[in-house]
Amino acid sequence: MAGLLEIHDKDGHPEHKLQLERSEVPFICGGCKELGFGLRYQCPNKNCNYILHDECGFGLQYRRPPTQKFFKKCDFQFHQQNPLLGTRICNICALDIQGFLYQCSHGDIDLHPHCANLSLTITLSDSNELIELRENTKSRCLKCQRKERAGKVQGLSYVSSDGKLCYHVACLKEACLDNWKMGYFQLDVLANEENKILALQNLAPNQVVRPSEGQSSNAMKGIKLLITFLKLVVSAILGEPFTLVSTLFQISQN
């Protein structure tokens, strides 16, 4: 999505216009209150820490969401706060909405702006296989090991075309937030190989993520596919923080 170079959040931050920039430093979006990386709108005042996801800034400017194949009958409108009473849950990630949102005019579907812009398909490098964002899956999530999330709203999942690898969007966002809180998304921390393994193991706690001598060629291939899958879905969720992702998923073969 092409972003505007400058926007003005007249309600949330009337003092200065926000400028589009790219950063590898994690942040909490002042609009949707969600974790973000990569492209963002930030106040140029060095003493101000007001930041928005680029998707939140885009919604603020145009008020219309991108095309959503999962909710074709919905007429979405952008809101800076929930216009209805009660807690709202994002129908893509199944997590609470605490700030900016897209809401269907019927009031039954809500989306985080960042979730509304998630890639529908991702191509696995060096192959023709796809990772797809799906509503229903028979595969177990790499994080929670369940086929379905508990709760009224199930949310969507990223699933490999063969169905062997699956990650609930909700579980992926929670795992990335956990890694950030534990300091694993700091480049100096990831300089330590053991910290990389801990970060990856938190993403896929029941999988082997460390290649080692003596493993069969099939086992090595499986680990490589797993690491590639995690790399791509984490990039989709975090907004492609290139340096962070390349560092995190560059694992030694020893």
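Select Ile 7 to begin: this residue stands opposite Leu 18 in strand 2. The model is predicted, and local features need pLDDT of at least 70, side-chain atom pairs count only at pLDDT 80 or more, while totals for chains, interfaces and linings use all residues. Residues are numbered from 1 along each chain as its sequence is written, and side-chain values use heavy atoms, with hydrogens and water left out.

**The first strands**

Strands here are DSSP runs of E with at least two residues, helices are runs of H or I with at least four, and both are numbered from the N terminus. Two strands pair if DSSP finds at least two bridges between them.

**The aromatic pairs**

Now display the aromatic side chains; a search of the whole structure finds 4 aromatic pairs. Rings of Phe, Tyr and Trp (its six-membered ring) pair if their centres lie within 6.5 Å; planes under 30 degrees apart count as stacked, over 60 as edge-to-face and the rest as tilted. Select Phe 78 and Phe 100: their ring centres are 5.3 Å apart and their planes are at 75°, so the pair is edge-to-face. Phe 78 lies in strand 5 (residues 76–79) and Phe 100 in the loop between strand 7 (96–97) and strand 8 (101–104), so that the pair links distant parts of the chain, 22 residues apart.

Phe 78 counts as buried at 4% relative accessibility, and Phe 100 counts as buried at 4%. Buried means under 20% relative accessible area, exposed over 50%, and partly exposed in between (1.4 Å probe, protein chains only). Then select Phe 70, Phe 71 and Phe 76, which ring pairs link into a cluster.

**Helix 6**

Move to helix 6 (residues 217–238), whose end C-alpha atoms are 31 Å apart; at 1.5 Å a residue its 22 residues should span 32 Å, which agrees. The expected span is 1.5 Å times one less than the number of residues. Buried residues in helix 6 include Ile 223, Phe 229 and Leu 238. Gly 239 follows the helix with a positive phi, near 90°.

**The whole protein**

Finally, show everything: the secondary structure comes to 7 helices and 13 strands. Buried residues make up 47% of the 254 residues.
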